[in-house]
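Please look over the sequence and the model below, then read on.

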Amino acid sequence: MRGADLIDIKRVLAGYDLDDLSIATLGSHSALQILHGAKKEGFRTIAIVEKRRKWFYEEFAHLIDQMIVVDSWRDVASKDVVLRLRESNAIFIPHGSFVEYIGLDRAESMEVPMFGIRSIFRIEADQRMKMDFLAKAGINIPREYRIGEEFRGPVIVKFPGAKGGRGYFIARTKDEVRRGIKKALEDGLISDEEEALIQEYVIGVPAYYHFFYSPMLKRLEILGADIRYESNADGLHRILPFVRGEIDVSFVVVGNVPLVLRESLLPKIMRYGLNFVRYSQERLPPGVIGPFCLESVIRDDGEIVVFEFSGRIVAGTNIYLTGSPYSHLYWDEPMSVGRRIAREIKLAQEEGKLDEVVT
Amino acid sequence: MRGADLIDIKRVLAGYDLDDLSIATLGSHSALQILHGAKKEGFRTIAIVEKRRKWFYEEFAHLIDQMIVVDSWRDVASKDVVLRLRESNAIFIPHGSFVEYIGLDRAESMEVPMFGIRSIFRIEADQRMKMDFLAKAGINIPREYRIGEEFRGPVIVKFPGAKGGRGYFIARTKDEVRRGIKKALEDGLISDEEEALIQEYVIGVPAYYHFFYSPMLKRLEILGADIRYESNADGLHRILPFVRGEIDVSFVVVGNVPLVLRESLLPKIMRYGLNFVRYSQERLPPGVIGPFCLESVIRDDGEIVVFEFSGRIVAGTNIYLTGSPYSHLYWDEPMSVGRRIAREIKLAQEEGKLDEVVT
Amino acid sequence: MRGADLIDIKRVLAGYDLDDLSIATLGSHSALQILHGAKKEGFRTIAIVEKRRKWFYEEFAHLIDQMIVVDSWRDVASKDVVLRLRESNAIFIPHGSFVEYIGLDRAESMEVPMFGIRSIFRIEADQRMKMDFLAKAGINIPREYRIGEEFRGPVIVKFPGAKGGRGYFIARTKDEVRRGIKKALEDGLISDEEEALIQEYVIGVPAYYHFFYSPMLKRLEILGADIRYESNADGLHRILPFVRGEIDVSFVVVGNVPLVLRESLLPKIMRYGLNFVRYSQERLPPGVIGPFCLESVIRDDGEIVVFEFSGRIVAGTNIYLTGSPYSHLYWDEPMSVGRRIAREIKLAQEEGKLDEVVT
């Protein structure tokens, strides 16, 4: 949390007119949901948008009170944008594309109150730290192998920054692993073979769980679940007889499909969520605030193996703009994760505890 | 209906304070939906939960007025639990896990008024009786083969109690069938090869239809449809090039995905539902009450082949906690199957006909 | 637009009592949604149903004020039906099955005010005109090959009237293409090999976008997205190890599954939608009115290739009877495409501009 150490968000917050807050986010990922939810809760909204996508967000002008147009994402953390956000007493909502677009250092040190904890950004940026975090939280993760180690079944080899289906490969033998890593070294993807993370490819079905930890209500809510829709992996089976061996499988997320889980799996899923919250409170005090996501494979013996997490709102929540089968168990009104964020800010605001939900 | 013959639910009901009913169910399967729906209709709610899952249902304490904690499911039909349920004037809602968890005999003879007909439990417990029921109802079922009989295309061989992806195998030749059955005999899965049911594996796509027969409104409603999400069958295609021939396909249901049907298929689906109701009225008078599910494969010629049914609420309905694209055709309010059950009980209560919806 | 040239809908409309309109459609495809939506907006409703399906639509009698029963779809455009529709001041809503069921000429010349432009029917009926329309609109389409031309990867060969998974095949080599076309000639599917359209089979995942262009609000709304559920293509992967090479893949749509898109793809999707509207205004003035659908494959490089469009409401919208994650961005009430159509008619009616939304 290098950057974060340098900034003093409490001081910034002290300068805010707390009766006149805005909610701001980047125009991408889950922005429409976040803005829609903020409006529902009565906040003014700010969208920071790239020039080339301005026309698109103007289609939703009724959801956006102020648009801050930037030439490129790099400008998001610029002094000018930061000042404009502060002038509007803005709480910034980081989403899954935020760190990716503006870079880890800028994200950590952006001097605007941010919903959630930014200390988790650095952990997420490192595959090994991430898996270590999950394991220490008491969450079942895939087995890791060393180069040259024997294994059964396929493995997935991930390089730093593997993202959205890029930067990894699947292998069946230790020789395939070696060859893939050698090629990554030659291609400059990695500079040391130790950077490659070799994980068991867990056989089962993928499932993603949307959690929300509320410091105000002191409870963890499960607000939804989804399956990612990935190109070309989720299309290949339709023509497999025609493409056997000729096409590489890829896993680029292009959308999401709703999912409900077998109720008997929910206690295990909830337990993982609670473990995540508790360990984050130990390791990254005050601990996770608001949305996070555990990304898993469910095996056919009912075991749930988590291979990834996201410390923020994930795009899969976009499915549930008017609530999910789970959110309605807690909230008797349409409650998206975007709206839930705004609700938490409102609750904090009302109780004079805004500093407990932003960093 | 051996056990059911011994009990007199009408007498139990006579002792109830009908203005002060509770709705009770087991903490699993579709319990959250059932409890949520009961609350929506203004009932007090009771969840019978296993000790080890108590903490989980406490997360939803706002949906549960009374929790009856049992050491194991076997205690659900115990005298103590039954008395506590009766003290609360409880109508018990059996769901898909009920018979599985507490056993057929106990389920049939549990002396608490149960929504729906318990006479169907015994039919469901027997693969051949089940298929016979469907066939006699005038519903298209898969072709059955005898051991040694020639067939084209794959077959599925099911053993008694096949459930959630366990207890069956797929075979392509009659020799594979023989070998699989021989192994099942050796493993003690069956004691006689006649216990194995050899069915055509219907090529097409699976689809599950959620029906609700209302004795109060005297109408059949189609309240939703879903696709089951099965581990590992629904994940394997993502890495098929890497696992060819090395991994056994399994079909363990871990969740459900929403589905709407082509409207031109709906009349056939509805006809099947009506056939099911009519035949149940003949064979198991007064006939099916409330939710049931037909579980099918839709072939590419539009034919719908039903390979299974459930005489109760199925977990796929959990998708539609605030109603489905179909429920809104009947009800201008959010109507889950759980809530629909409570509504039917309320309608029966108001008309003094509670004995027409419980057994 | 041969037939359409002969009729004068403005004259028919002049004879209508504009304060007493009905909304009419054919009993199939998305009729229940359309009727439900019309009711929600306060219109009287008319369903034209085939005799054999009358019983089914009677199950939804509460949504249907008048049922016009026909012996076969051919009678829909008969003088008798047309007169009855006019007597009720009916606006007819064509859906995806309309032209298919009653034929292009009858559809074009049916002398009842129709929501949307009928000039697009003829373009849709011809694969090459359709692809040409998309290309000229500035929408990315699959590459087309000539017979005998070399290609990489699979191609799909479509014959005129290819529909719902019938009338085409997939091929991997130019010899397979030749053989398939030769067979189609022999089978009488085509009379000239030039009728076959040979297209790149785009590798990726299918995705369908539901648009609505509102002449009243002068805006394009994206109201949803879906994935088609196709028999047997979407079931085969479950048993692939057992059916390798033995079963032909088919693509018969039997239902639809909800989908949300990655927000960063939405600008491209919206741009395609806007391009479609603008080009339709040039080529088929006054341009598209109400719902249309772009049918695409999303490649793993994020490119979106549109291989088909529908100029009317598509069945995938049936998923969203109470609105979609997208519709709620525009409308703070449950807004299906069926209801959106009725709303547009109401807006036009209120402003005395009904002639701007019907042809």
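How many residues of chain C are in contact with chain A, and how many of chain A with chain C? The model is predicted, and in this model 34 residues of chain C touch 38 residues of chain A. On the side of chain C that touches chain A, two or more residues each come from β9, α11 (233-236), β11 (251-258), β12 (260-261), α13 and α14 (327-330) of chain C. By class, that side holds 23 nonpolar, 6 polar and 5 charged residues.

**Contacts of chain A with chain B**

Chain A also meets chain B, with 34 residues of chain A in contact with 38 residues of chain B. At least two residues of the chain A side are supplied by each of β9 (205-214), α11 (233-236), β11 (251-258), β12 (260-261), α13 (266-283) and α14 (327-330) of chain A. The residues of this side divide into 23 nonpolar, 6 polar and 5 charged.

**Strand pairs**

| Strand pair | Sense | Bridges | Residues opposite each other |
| β11(A) and β12(C) | antiparallel | 2 bridges | Gly255(A) and Leu261(C) |
| β9(C) and β10(C) | antiparallel | 7 bridges | Phe212(C) and Glu221(C) |
| β1(B) and β2(B) | parallel | 5 bridges | Ile23(B) and Thr45(B) |

**A sheet with strands from chains B and C**

An open sheet of 6 strands runs in the order β12(B)-β11(C)-β10(C)-β9(C)-β13(C)-β14(C), and its pairing is antiparallel. Which strands stand at its edges? They are β12 (260-261) of chain B and β14 (304-310) of chain C; each has a single partner strand, so one side of each is left without a neighbour in the sheet. Within this sheet, β9 of chain C covers residues 205-214 and β10 of chain C covers residues 219-232. Helix α13 (residues 266-283) of chain C lies across β9, β10, β13 (290-298) and β14 of chain C, and runs at about 105° to β10(C).

**A parallel sheet in chain B**

In chain B, 4 strands form an open sheet with parallel pairing, in the order β3-β2-β1-β4. Its edges are β3 (66-70) and β4 (90-92) of chain B, each with a single partner strand, so one side of each lacks a neighbour in the sheet. On average, neighbouring strands of this sheet are turned by 25° against each other, direction ignored. Strand β1 of chain B spans residues 22-26, and β2 of chain B spans residues 44-50.

**A helix pair in chain C**

Helix α3 (residues 31-40) and helix α15 (residues 337-350) of chain C pack at an angle of about 45°, with their axes 7 Å apart. That angle makes α3(C) oblique to α15(C). The crossing of α3(C) past α15(C) is right-handed. From α3(C), Gln33(C), Ile34(C), His36(C), Gly37(C), Ala38(C) and Lys40(C) meet Gly338(C), Arg339(C), Ile341(C) and Ala342(C) of α15(C). The residues of this contact divide into 4 nonpolar, 4 polar and 2 charged.

**Domains of chain A**

For chain A, the domain assignment gives domain 1 (2-115), domain 2 (143-200) and domain 3 (205-350). The C-alpha centres of domain 1 and domain 2 of chain A lie 36 Å apart.

Key: Residues are numbered from 1 along each chain as its sequence is written. Chains are lettered from A and ligands numbered from 1 in the order in which they are written. This is a predicted model: local features need pLDDT of at least 70, side-chain atom pairs count only at pLDDT 80 or more; totals for chains, interfaces and linings use all residues. Two strands pair if DSSP finds at least two bridges between them. Axes are lines fitted to C-alpha atoms, for helices over the stretch in contact, and angles run from 0 to 180 degrees between N-to-C directions. Angles under 35 degrees count as roughly parallel, over 145 as roughly antiparallel, 65 to 115 as roughly perpendicular and the rest as oblique. A crossing is left-handed if the near helix is turned anticlockwise from the far one by less than a right angle, and right-handed if clockwise. Two residues are in contact if their C-beta atoms, placed from the backbone, lie within 7 Å. Ala, Val, Leu, Ile, Met, Phe, Trp, Tyr, Cys and Pro count as nonpolar, Asp, Glu, Lys and Arg as charged, and the others, Gly among them, as polar. Domain bounds come from an automatic or database domain assignment.
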